[in-house]
Amino acid sequence: MLRFLLVTALASWVATPTEASVHIVDGPAVGWKATERMFHSGRTNDSWIQVNFSAVPIPDEVDPTSEYAVAVAIYTTDDATEFPEDYCSQNYSAISNANMTGHLFYPTNASEAVTGSDSFVVATTGIQTVVIVTCARFKSNDSVLPFEENPNSAAFDLQAAIAFKNPYGYLPGLMWGLLPFSASLCVAYLIADGIFVTLLIRNRHTLIRLHFFILLVLVLTTLETLLWYFTYSSLNETGEALCCPYPKMIVASTLLKVFSKLIARVLTMIICLGYGIARPTLSCAEVALVSGLGLCYVVSTGALEITHLTNQSTGDVSPPLVWELLATATDGCFAGWIFTSLMLTRKTLRATGQSAKYQMYDTLFTVLVTFMAITFLFTVFENAVYSKRVELSWDWMWVLWASSRALNFCVVFVVSIIWRPTRTSLLYAHSVQVPSSDDAKAVEVELATVEETVVEEEEDAT
C-alpha cells in the first residue's frame, strides 16, 4: 500500500497524465543509490529528478540510545561538483551549487517512520546520482553533534520511488538515439518487404521453398524492429522502469530480436551450403549441427541482450564480459562454418561448370566478406571505446549498439535481392548447365532454354 502511495504521490507531482520513470526501492536497507545519464534543457523544469521515500524503523534493530535521520542527496557527477564522502554530516543548507541538492529528514520520535520528498532540476548534462541513506547519532544535549551513516544494515525498512525525466521523455539518456533509429529501420524494412512481396506475387508460379524462408526472415526482422520501436516509444511516454522485473515488451522485443538474428544466420548458412540452388536438401548431420549451434546462439546472445539492457538502464555503457565472449564465440562458429560451406559450394559449382550459379555465390561471397570486414572494424572500435582507448561521447554510444542491427538489415536485404523470385526461379534451381570451354555461351544457352520452358508451362496453364 505504501509503495502505491509513493508512486501515486510522485505521479501527481509531475502534473501530467503520464507516469514518471520510477525506480522502486522496497526492503530493509541502510541506503540506496541510483544513477542515470540525463540531458540538460534550456527550458525551465524540463529535465528533472524526483524522490519520494519512507523509512520505517525495525523495532528489534533500533538502538534506543541513538536518534535517526534519513539523508537524500541528488547531484551531477560529470562536472567539477564535489560530492560528500559522508552524506549524513553534510550541511546541505549551505550548498549553493546548482549541480547538487540534499536534505536531512528527521522523525518525530525514534519509533516513527521518516518520510519525505526532494526534487532536482538538471542543470548540467551528465551522470545524475540519487543517494538515500539512513543516519544515526548518539542522543546528546549537544545539538551540534553530526549524524553518521547508520552502521546497522537493517535498522530501517526503506521504501522509495526515484524518477528521472529527460527533456524528450523518460527513456534513459544512453538509449535516446535508439528510438529514431528504430523508426528509420522500420521504414527500411517495410520498403524491402514491399519489394520482395511484389516479386513473389508476380512470379508466384515459379517459387521455390527458399523464397518462403527468405520471406520468413524479412517478416521476423520487420516485426522485431517494429516491436522495438513501440517498446522504446512506450518506455519514453510512460516511464516504466527497465529493470527489475523486466517489462513484458522488453522481454518480447529481446526474444524476437535474438530469434530473428538466429533465423537470419540460419538462412545465410543453408544458402552457403547450397540449399535451393546447388542442392535440393540438407543432410541430417547438417540439420543437427545447425540446430545445435542455433541453440547455443539463443542462450548466449539472449543472456547478453538482457544483461546489457540492465547495465544501460543504470548508466553503464559496457556489456557483461562473460556473455559478450560467449556470444562472440558462437558468432565466430557461425561465420567460420558459413565461409567454409560457401567456399566448398563455389568450388563445386566451378568444377562442374555451373557458371551462372557460381556467379550468384561469388556475389554472395563478396557481400559477406564486406560484411565481415565492416563487422570486424566495428568490433575493434567498440572494444577500443569500452577500454577507454578511444573517446566517444556517451550520448552517441547508441550508435555502437545500433550498428549490428543496421548491418543485419543490409545482409538480409542483399540476400533477398540475389535470391529474389524471377520467372525462371523454379527451373533455374533444378537446371544443370553443361560444362563448356566458353562459359559465357553456356550461360546464355542455359538461360534461354529455361525461359523457353517457362513460357511453354505458362501457355499450358492458360
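Buried here means under 20% relative accessible area, exposed means over 50%, and partly exposed lies in between (1.4 Å probe, protein chains only). The views below come from a predicted model, where local features need pLDDT of at least 70, side-chain atom pairs count only at pLDDT 80 or more, and totals for chains, interfaces and linings use all residues. Residues are numbered from 1 along each chain as its sequence is written, and side-chain values use heavy atoms, with hydrogens and water left out.

**View 1. The whole chain, to get our bearings.** The chain has 10 helices and 9 strands; these are DSSP runs numbered from the N terminus, helices being H or I of at least four residues and strands E of at least two. Of its 462 residues, 49% count as buried.

View 2. At 15% relative accessibility F39 is buried, whereas W176, at 27%, is partly exposed. F39 sits in the loop between β2 (31-38) and β3 (48-57) and W176 in the loop between β9 and α2, so the pair ties together parts that are 137 residues apart in sequence.

**View 3. K165 in strand β9 (residues 156-165).** Is K165 buried or exposed? With 14% relative accessibility, K165 counts as buried. Leaving aside residues up to four places away in sequence, K165 touches M38, D46, S47, W48 and Y170, a contact being heavy atoms within 4.5 Å.

**View 4. Helix α7 (residues 355-386).** This helix has 32 residues and reaches 46 Å from its first C-alpha to its last, close to the 46 Å expected at 1.5 Å a residue; the expected span is 1.5 Å times one less than the number of residues. Buried residues of α7 include Y358, Y361, L364 and L368. An α-helix has 3.6 residues a turn, so residues three or four places apart point the same way. Just after α7, K388 takes a positive phi of about 70°.
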